[in-house]
Structure formats: C-alpha cells, structure tokens
Number of protein chains: 2
Amino acid sequence: MNQIGIISMQFARPFTVEHFVLFNKIKKMGFDFIELLVPEQGELNLKDTKQALDDAGLGVILAARVNLDRNIASADKKKQQCGIDYLKYAIECSATLGSKIVGGPLTGNPLVFSGRAPQPVEESERLARKDRCLSGLAKAAAYAAQHEILLALEPLNRFESDVLCTTQQGIEILDGVDHPNLKIMLDTFHMAMEEASIPEAIRLASNRIGHFQANENHRGFLGTGSVDWTGVCRALKEVEYKGPISLEPFRRNDDRFGVPLAQWRQPHEDEADRLSASVAFLKSLLTLAEFRR
Amino acid sequence: MNQIGIISMQFARPFTVEHFVLFNKIKKMGFDFIELLVPEQGELNLKDTKQALDDAGLGVILAARVNLDRNIASADKKKQQCGIDYLKYAIECSATLGSKIVGGPLTGNPLVFSGRAPQPVEESERLARKDRCLSGLAKAAAYAAQHEILLALEPLNRFESDVLCTTQQGIEILDGVDHPNLKIMLDTFHMAMEEASIPEAIRLASNRIGHFQANENHRGFLGTGSVDWTGVCRALKEVEYKGPISLEPFRRNDDRFGVPLAQWRQPHEDEADRLSASVAFLKSLLTLAEFRR
C-alpha cells in the first residue's frame, strides 16, 4: 500500500516548532507522513523536527518552494545559480530530516504567485529556458544522488508556471536530464486543468513517477469534487506506483463573494473529520483498485 | 435547439475588417454565431461589421474585456467609473451590432492576466468590493434594459479573478442586484476548476443562466478532454436553457516544454475539421439529452 501524507500548509504556514503537537493528531487521522514545505533558513531546527516526527511515528517528505530569485530557468546567471543552490539546500534538509524525496516545481518560473502575467516567448528564449533547466536539474540530480534523495519534478497548471505544465512536457525534461535521481511528480489538481485524461497521463509517466499528489479539481477534500478517483487508483496500480501520495485540500469551505480562492488561507474550522475521511476513502480505493468485482 | 457560437479569438486577436472573410467559413463549420470581443474604440466599424455578419447569415454576441483601469470592483473612484462607462460602451456596441447579449467577467478585478499575485483581503475590503460591484452592475443593468440587452456575469477561475469564481458567488451577486437584465454566464473551463460538480452548478443557476460557454478542462477542442458533456447537456435540458452556447478551444495543439499555455497564441495549423466536429458533437448531444434510450 502506498504511504498517504498531508501537506503541512493544511494546518499552518509557516510551519514551526509550535505546530509539532499536530504530528500525533495527523498520525491519528490516518496519515503515514507529512509533506513539509522546505523550511527557510532558521524556520525550523531540523534535528528537533526529526526527533518530533520520530516520536510521533510520522514519516516526512519535502516540497521545494521556488521564486523568481531562486529560479533555474532564469536568464540571470545569479538567479539561476541561486536556484541550483536552493535545490542543494533542499536536498541537505531532506537528508537531515530523513526524507527520501524533494518534490515540487523545480524548473522554477512561477507565474501568478510571483505577480507575472502570461507573456509571449520567443523560440530562442524557450529553448534557452529548456537548456538552463536541463543543466540545473542535472547538477541537482547529481547532488541528490550523493545524498540518496530522489528529486520529483512537478508540472503546474498554466497559471502557476509558463515552462512546465503537462506530463508530456515533464517527460521531455526527464529524457533530457536522463538521471535516475530525477523523476516526475504528478498532481491531479494541475492535471485536471491540463491533461486530456488523468489516467492516460499516469500511464504516460508510468515507472517514472517519483511522487504523487491526490487533489480534487477544486482543491477541496478528496471525494468532494469531480476527479475520477477510481480511474486514478486503477491507473496507479496499473503502472505499479508504490511511492507516496500526498493530499493538499486547502481550498477551505468558504464561497462568499470576494473570498480570494487562490490565496492561501488558514483553516477557519476543524477539518479533522474530512481529512480522516479523505485518507480512508483513498486507502479503500487503492485496495479495491486491484479488483474488478 | 440552442444556437452554437465560436469566440473570435479562435482565429485572430484583434479581430478586424480583414477577418470578415472568415464569417462564411465559420457559418460553414456549423456555427450559428460568433462571439466577438467588444471592439476597442476604432478597432472595427460596427455598421460594416453588422453588414458583413448579416451577409454571411451569422449571429453575434459580445464578450466584454475588463482590466484594472476599467474595473467596477476598484476602490479608485475614477477606475470604478471607467468600469461602468465601459459596460455602457459595450452595451451600445451590442445594440449597434444587433447582439442581444454582453457577457464576461463584468465584476472586474482581473488577477493573473493583469500581473496581480493573489493577496489576502480584509473583510472590510471584501464587503466594499461587493458593494461597488452591486452598485456598478445595477447601473449597467438599467442601461442594458434601455437597449434591450442582457448582461451575463461570468465567474472566472481563482487565478483569473479574486472576486467572482463560483456559481454560488455569482448567484449572491444576482440576488443583490436583482434586475431582469442581469443573469449569469457559466463557462465549463472555469467550472471544471472551481465547482464540485458542473451539472449541480448548472442546476443551481437554473433559469438565471444568460449565456453558456462549453469548454474542455484544458481548453482543447470539445470532446478531447475530460468534461462530462452528456451530464452537461442533460443538466442544460433539465433547467430548460435555450440561450446561446459558445466554444473557445484556443489552447492549441502544442505541448513542447516552455510553450506558455495561458498566453493567447494564434492558430499554427488549420483547425476547421476539429471545430466542425466539436459543433456537430455538441449539437448531437443536445438533441440526445432529451432521451434516455
């Protein structure tokens, strides 16, 4: 059975020492691990965090956070180098915490969350961005191999990145880097916007999936939206994906006019029951996906 | 049978006199009308455009284009007034062209396409935005009534607007304005991202739907993605929606790494066959939606 996890910003952002009390609660909800945003320098004591996780019996993997200043796709050499340095820092954090995976939009070039509007891209610049991503990821993957960490490259939807949005594009990058420590991460929230068929995309990525995020089309709790979870679980079984699966249902239940849905908001009510139900739902379907009657 | 249309930017943006030759081709593909972006001042001669449309036997409706400077949600009184003036201008264009509908994200506050990053919103500002939208739309709806034009208010996905994203939020605004010349426009591209269930949302909006856009989850050609079109057509029949339905499949068939999917791109190949097939598919399903066997 795949390990099922929950993103730390379901509960708090930033996630700091005061939130360690949540580890036991998260375990009790049925989660096997927490997916922590890579802590910024000084945000968390990594050894203390590892100890608290071990005490609760909770696993951990890391989610990298890129921005325009640490961006391996950048034409600015300093920013590109900061992007590579950041990935190395994330790998070191991962090794110290006992996490085996660093996932996220490692190619950089964030769009809406960095206040960038979509712009046309010249073919020469498109190819230059690709070259910079390939060389940056090659260096990061080599460093990851030294620390026995797997990098999982995540395509984002068209509004969150203008370089990597689809599984096909991700495979193009994996082929270019060609390193066993670089795989793809699939997130069904982004896939629901960009793929013709989520199960088809899972089969395309096949044994190159390094991490998976199971999110509804609207980022609500798993089972409340319109993603075909039976189809997703069957496809994951078919490609024999045995890695971790994280949930990130942080939309929040609040549809009043003017509430900004893309903006991260902290929980305004107890979500424990819905989180527990989401894990149980997913674990049940993963079990049942092996059967046809 | 509902009239089926195509957005002008499927072919060109801006759409100018040189593109009038397309009207006959669009008609031959099976479309009943074109949805024109409201022309900017001087972009099109409206009487010539009406004549060319009439000659081709093609209907027309209008899609309003807001920005941060013409924005009824704005706290800047000048920009709010520009937003109202723009809606009046759009209504006048519609009347001159013989269009009966002006649709679009009339509430303003564009996000990613204006280069705005999502930001937290204080409750007082959220309510002030709502008040400004209600008063602006009330004035626009009164003006629309004088010209026998219907305004169709469109919720956008979370990355394109931070005021109006869901059908529920749209109904909240319709209730607040309470004017027969203001209805809601539903677009399945945005709904696929924001609604728990597209058919449920159609039933929620019911007889208050003024315009409908039938787009795939990934904005590809209708029938190439994962939207449940049988369910959509059945729901439209159930609520007895008899108004226009537009297609906007301008994603383009190009998934190379670094091609910016959110950026509007002109067609790079002949899309006529897929457009014809998309209309035929939709018309067939709308016919069949009345039956169960």
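Which residue is the bridge partner of I4(B) in β8(B)? In this predicted model, that partner is I245(B). The pairing belongs to a barrel of chain B, into which eight strands close.

**Barrel of chain B**
- The strands follow the order β1-β2-β3-β4-β5-β6-β7-β8, with parallel pairing.
- From one strand to the next, the twist averages 30°.
- Strand β1 (residues 4-7) and strand β8 (residues 245-247) of chain B run parallel and are joined by three bridges.

**Helices on the strands of chain B**
- Helix α4 (residues 123-146) of chain B lies across β5 (150-153) and β6 (182-187), and runs at about 145° to β5(B).
- Helix α5 (residues 167-177) of chain B also packs on the sheet, where β5 and β6 of chain B are touched; the direction of α5 makes about 170° with that of β6(B).

**Helix pair α2 and α3 of chain B**
- The axes of α2 (residues 46-56) and α3 (residues 77-97) of chain B come within 9 Å and cross at roughly 45°, which makes α2(B) oblique to α3(B).
- This crossing is right-handed.
- On α2(B), the contact is made by L46(B), K47(B), T49(B) and K50(B), and on α3(B) by C93(B), T96(B) and L97(B).
- By class, three nonpolar, two polar and two charged residues form the contact.

**Helix α8 of chain A**
- Within α8 (residues 229-238) of chain A, the buried residues include W229(A), V232(A), C233(A) and L236(A).
- Their cover includes α6, α7, β7, β8 and α9 of chain A.
- Just after α8(A), E240(A) takes a positive phi of about 55°.

Terms used. Residues numbered from 1 in each chain as written. Chains lettered and ligands numbered in written order. Predicted model: local features only at pLDDT ≥ 70, side-chain atom pairs only at ≥ 80, totals over all residues. Heavy atoms only, no water. Buried < 20%, exposed > 50% of the residue type's maximum accessible area, 1.4 Å probe, protein only. Helix = DSSP H or I, 4+ residues; strand = E, 2+ residues; numbered from the N terminus. Contact = heavy atoms within 4.5 Å. Pairing = 2+ DSSP bridges. Axes fitted to C-alpha atoms, helices over the stretch in contact; angles between N-to-C directions. Parallel < 35°, antiparallel > 145°, perpendicular 65-115°, else oblique. Left-handed = near helix turned anticlockwise from the far one by under 90°. Nonpolar A, V, L, I, M, F, W, Y, C, P; charged D, E, K, R; others polar.
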